[in-house]
Amino acid sequence: MAKKLWGTNYPTSICFIVVNEFCERFSYYGMKAVLTLYFLTYLHWDKDRSTAVYHAFSSLCYFTPILGALIADSWLGKFKTIVYLSLVYVVGHVVKSVGAIPTVGDVNVHISLSMLGLILIAIGTGGIKPCVAAFGGDQFDEEHASERQKFFSIFYMSINAGSLLSTVITPILRGDVKCFGGDCYALAFGVPALLMIVALVVFMSGSVLYKRTPPQGNILLEVCSCIGFAIKKRWTSSKSESKRKHWLDWSEEKYSRRLIQEIKMVLRVLVLYIPLPMFWALFDQQGSRWTLQATRMNMALGDSFIIKPDQLQMLNALLILLFIPVFDLLVYPLVGFCRINITPLRKMATGMIFAALAFVAATLVEVNVVRSVVEPAPGGRFLLQVINVADGDVMLKVPGSDAFPDPVPRLQDPPSYETLSASGDELKLQLSFNGRPSECSFRPAQREAYSLILYPDATGVGCRAVTDHIKKNEDGNPLLRFLNAAPHSVNLTVGALTFHVTSGFSMSPNSTVDRGRYPDVSCCSAPDFCSHVDLGLLDFGASYTVVLTEEAGKVVAHKMEDVEANDVHIAWQIPQYVLLTMGEVMFSITGLEFSYSQAPGNMKSVLQAGWLLTVAFGNVVVLIVAEGAGLEQWKEFLLFAGLLLAVFFIFSFMAYFYTYVVPDQLDKKYQEDLDGDEEDGDVKKSDNLQLKKTGSSRL
């Protein structure tokens with residue numbers, strides 16, 4: 001007899017299973033939280049490729065549960081499947097972590113190790129997904145069904161607790177801990193790897209306590225075989241053979257009528273699954289497109305706390321824990337009190353509406369976010385701004401253009417970039433300083449952005465063009481460079497970075513600095529002469545050029561903003577997370593409840609497999625759109641909202657013609673032995689499940 005927790009009917013073994021699930025979910029969601037930014041800032045992929053690979057990985061994680069279920073039910077059993085695939089899981093995490101160490105090989109090695117690690121992780125996490133919860137349920141005796149139900153609630157809480165904590169902690173490990181000269185992805189992936197090792201050790205520690213059920217064959221294989229046989233028989237049958245009422249009836253000569261009838265019931269539900277991937281296409285973009293959107297927003301919460309762009313995903317786990325009791329105890333009863341019949345399919349359709357509204361909210365946020373972005377020049381054009389460090393105002397004339405009609409003031413922060421024609425020839429600029437004309441030239445390239453530096457020389461004023469980086473930093477932090485107009489070289493220390501800027505109006509390269517205030521930056525113009533300059537606030541998403549001049553024997557900083565700071569606060573993402581989580585509560589939880597109530601007990605695993613495949617195909621949809629659509633981000637968000645709205649109408653139409661099975665009759669009608677059903681040579685009419693025909697069965 002299994003050991004029980006003191007004073008209860010709960011097996012002691014479930015403690016190990018719950019802790020294992022918490023650690024495994026921490027491991028998975030912690031790694032996944034920083035994955036998009038890892039692709040973007042460490043592997044230096046663009047946003048579309050980063051999004052595509054992120055969703056390819058997510059999709060694989062939901063295809064592999066089918067493999068795990070087949071191995072567990074047909075070969076190894078649940079315990080061995082969990083152990084062996086957890087070992088694969090651990091190896092994947094370790095490989096992934098090693099791939100994030102800059103000193104291990106070149107970028108090709110990093111990519112290879114990362115992809116290998118992700119494939120192994122997908123096999124591991126997907127393979128154990130259908131086994132762990134079922135293995136926990138196996139620990140209970142049949143007479144303790146109520147305790148088993150409470151166990152699943154605790155199990156679900158452990159999933160959300162692991163997700164919540166990991167999405168808070170791993171972005172901190174990534175961004176606040178520095179290693180190898182940058183964000184510490186090796187640590188951000190290494191801690192989840194350690195948690196997965198702990199998960200495996202904890203699970204193994206309870207091995208002597210577990211009740212193990214031997215493999216009993218996989219019903220999914222039997223269902224697929226029956227369907228395949230029916231299709232084959234239907235197409236190879238002769239015209240002289242009698243017709244069947246349903247195409248599945250062609251399998252009667254090999255499979256029992258009970259199995260055929262149960263498959264018919266399952267297929268009725270699976271047909272309703274066809275439109276569902278579009279919901280998951282929107283839902284899973286929290287970790288990709290929404291995280292990328294957050295990098296272009298203001299992430300400061302007051303003066304002392306900064307939220308990471310990949311941290312806001314924790315809102316989903318937090319809100320789901322809040323909304324489940326709110327909807328069950330408040331929202332649904334209030335709607336019922338208003339005499340509105342809220343069937344499961346109506347809840348799911350309403351969940352789609354909330355998800356679509358979430359992407360409408362994301363669209364509105366995106367439209368405002370891009371206002372601080374400098375649009376790249378189109379083909380045949382280039383961008384130009386002017387920084388004047390001469391001794392006074394300078395007139396600038398660009399041939400064939402009316403740009404810069406007014407004199408350029410000394411040390412003025414350029415108001416904007418001008419878009420000019422790039423013919424490929426040398427561009428000759430006419431300058432005038434104190435009535436003295438001069439000329440300078442440079443050869444601009446198409447689609448580039450330049451700062452034209454005007455400086456004093458023997459002819460009065462000269463110019464030099466430097467290439468600008470107008471793309472916002474991928475991790476949201478500001479970019480900084482220095483233009484030295486002082487007569488001597490300068491060394492500056494900004495945070496952990498040191499800038500060496502030579503004299504002669506030279507410009508330092510752009511470097512990433514942490515967002516913050518820098519009122520006291522060390523500035524040394526000679527080994528024995530150091531002072532301090534005030535750079536003020538270097539804000540999220542901005543690119544700064546700081547001009548250094550010497551005034552009264554001291555170095556003075558003049559800050560100019562090449563690219564505007566992010567002016568939309570990250571709190572504006574909260575409404576879209578709230579709407580999407582409301583949609584998840586109504587769609588996902590209700591969908592599983594509906595599916596389980598509409599199928600026989602031995603077919604629930606088939607529906608679980610179908611449900612997981614809708615998630616997998618939803619991620620495939622995002623992969624295709626990210627790589628193939630080529631839309632501006634706000635248009636892409638609006639496209640997804642429109643697609644889900646269209647799916648809402650399709651699903652509603654399908655659901656209108658769906659008749660609910662009476663759940664209490666599912667097992668009652670099939671309690672007779674299979675051989676007893678077949679003794680009469682035919683299935684009696686009373687053996688068919690009764691279906692509700694009332695108006696309340698409609699969507």
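**A guided look at the model**

Guide: Leu 452 has its place in strand β10 (residues 449-455), where helices (H or I, at least four residues) and strands (E, at least two) are DSSP runs, numbered from the N terminus. This is a predicted model, in which local features need pLDDT of at least 70 and side-chain atom pairs count only at pLDDT 80 or more, while totals for chains, interfaces and linings use all residues. Residues are numbered from 1 along each chain as its sequence is written, and side-chain values use heavy atoms, with hydrogens and water left out.

Visitor: Is Leu 452 buried or exposed?

Guide: Buried means under 20% relative accessible area, exposed over 50%, and partly exposed in between, with a 1.4 Å probe and protein chains only. Leu 452 touches, among others, Leu 384, Ile 387, Leu 396, Phe 442 and Cys 463, not counting residues up to four places away in sequence, where contact means heavy atoms within 4.5 Å. Its relative accessible area is 0%, and therefore Leu 452 is buried.

Visitor: Why are α2 and α5 described as roughly antiparallel?

Guide: Helix α2 (residues 35-42) and helix α5 (residues 107-138) pack with their axes 12 Å apart, at an angle of about 165°. Axes are lines fitted to C-alpha atoms, for helices over the stretch in contact, and angles run from 0 to 180 degrees between N-to-C directions. Angles under 35 degrees count as roughly parallel, over 145 as roughly antiparallel, 65 to 115 as roughly perpendicular and the rest as oblique. The relation of α2 and α5 is therefore roughly antiparallel.

Visitor: Where does Arg 339 lie, and is Arg 339 buried or exposed?

Guide: Most residues other than glycine have a negative phi. Arg 339, although not a glycine, has a positive phi of about 60°. Its place is in the loop between α12 (314-337) and α13 (344-369). With a relative accessible area of 82%, Arg 339 is exposed.

Visitor: Does Phe 505 count as buried or exposed?

Guide: Phe 505 lies in the loop between β14 (497-501) and β15 (511-512). Phi of Phe 505 is near 60°, a positive value in a residue other than glycine. At 18% relative accessibility, Phe 505 counts as buried.

Visitor: What percentage of the residues in the protein chain is buried?

Guide: The protein chain has 18 helices and 21 strands, and its C-alpha trace spans about 110 × 60 × 55 Å along its principal axes. Of the 699 residues in the protein chain, the buried ones make up 53%.
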